Amino acid sequence: MDDHRTDAVFHGFRPVALASDLSKAARARKLLRKKEMLKETKRAAALAAGADWKSDDSDSDSPEHVYREPPLPDLLKDEEHLCLIIDLCKALISLQRYWDALEMINLCLKLASSTLSVEKKEELQALGAQVGYNIADPIRGFDCARSIVSQHPYSFAAWNCYYKVVSRLDNRYPKHSKFLNNMRIKHKDCIPPIIIAGHQFTTISHHQDAAREYLEAYKLMTDNQLINLCVGSALINVALGFRLHNKHQCVLQGMAFLYNNLRLSGNRQEALYNIGRACHHVGLVSLAVIYYQRVLDTHEDDYPIPKLPNESPDQVENRKPGYCDLRREAAYNLHLIYKNSGAHDLARQILKDYCTV
């Protein structure tokens, strides 16, 4: 009952309905009034323009919507059409229209998930992962990268693609943590997820946890250069902690793994620089000078940057010659040691010889 009515018998009495029902009725009444006002406005505008006015209420008398057959009902079933769609996605990616390509890829994977062949599905997922590590929001391509790794759990190329997407996400992204844990439980002898876990501990400066993960990977593959480098650098960082009692032993263990990396690489310039940097980091400057000088005496050729799946091998990278050479970095660190020891003339000479354009 409306309390504002004066001609009602029960005027002044409290309504029987609940307060929530009354508020819903009031909102509905306001909405109906708003629709009536909008209808009147449209009617006045139509009459002013001289057009015929047809109320929206007449739509209820119109026949039901007639189903229209799509012009290409078997678009995603035809092999030629699928190849055309994939080529179109590649063209959009080359033009950096990543969102358009990703939308098309997701629609194809969603609408034709049961009819796509394994090869076409993997190709579309690889393209989606490529878009994922190129766009500003890598979450969009995470599902594609995860699908690739699920299908090829022992492929280093697939894990490289996955980690390039994940490295731009938050370390606590729940889907990534859950997926990585499931892969480690399902494939206990799979090394890449263990290394990725170690990398993530390193990025947040949990070096002891990182060393534990790297040593777990070392048990599975002892002759891998990257694993030996990761274990050595993690142990060196652990030795610099405040709560460690056997720091000297930890430094020696870390240097042993770095020397393993040097042996496995065949005395490469990068391995020499890593040992010199580790000695410099822990204060063994006399040894650091020796290895920095060996870096300066070593010539390193340029090597092509590894390509991820579906990256065009024909892309010309704008890199100047010598992008694999570490002599400038070694010379700069060496000049810092000379400068701190008081040999300013020698420090200036090193900069002039190696760090001057």
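Q: How many helices and strands does the protein chain have?
A: In this predicted model, the protein chain has 15 helices and zero strands.

Q: And what share of the residues is buried?
A: Of the 357 residues in the protein chain, 32% are buried. As for contacts between residues at least 6 apart in sequence, 51% of them join residues at least 24 apart.

Q: OK, what about H12 and H13, at what angle do they pack?
A: Helix H12, residues 269-282, packs with helix H13, residues 285-296, at an angle of about 160°, and their axes are 8 Å apart. Because angles over 145 degrees count as roughly antiparallel, H12 is roughly antiparallel to H13.

Q: Is the crossing left-handed or right-handed?
A: The crossing in which H12 passes H13 is left-handed.

Q: Which residues make that contact?
A: From H12 the contact takes Gln 269, Leu 272, Tyr 273, Ile 275, Gly 276, Arg 277, Cys 279 and His 280, while H13 contributes Val 285, Leu 287, Ala 288, Tyr 291, Tyr 292, Arg 294 and Val 295.

Q: How does that contact split by class?
A: Ten of the residues in the contact of H12 with H13 are nonpolar, three are polar and two are charged.

Q: Switching topic, where is Asp 345, and is it buried or exposed?
A: Asp 345 lies in helix H15, which covers residues 344-354, and Asp 345 is exposed, because its relative accessible area is 56%, where over 50% counts as exposed.

Q: Which side chain does the Asp 345 side chain join in a polar contact?
A: The side chain of Asp 345 is joined to that of Arg 348 by a polar contact of 2.3 Å.

Q: And how far apart are Asp 345 and His 335?
A: Asp 345 and His 335 are ten residues apart in sequence, and their C-alpha atoms are 9.7 Å apart in space.

Definitions and conventions
Residues numbered from 1 in each chain as written. Predicted model: local features only at pLDDT ≥ 70, side-chain atom pairs only at ≥ 80, totals over all residues. Heavy atoms only, no water. Axes fitted to C-alpha atoms, helices over the stretch in contact; angles between N-to-C directions. Helix = DSSP H or I, 4+ residues; strand = E, 2+ residues; numbered from the N terminus. Parallel < 35°, antiparallel > 145°, perpendicular 65-115°, else oblique. Left-handed = near helix turned anticlockwise from the far one by under 90°. Contact = heavy atoms within 4.5 Å. Nonpolar A, V, L, I, M, F, W, Y, C, P; charged D, E, K, R; others polar. Buried < 20%, exposed > 50% of the residue type's maximum accessible area, 1.4 Å probe, protein only. Polar contact = N/O pair within 3.5 Å; in protein donor to acceptor, adjacent residues only side chain to side chain.
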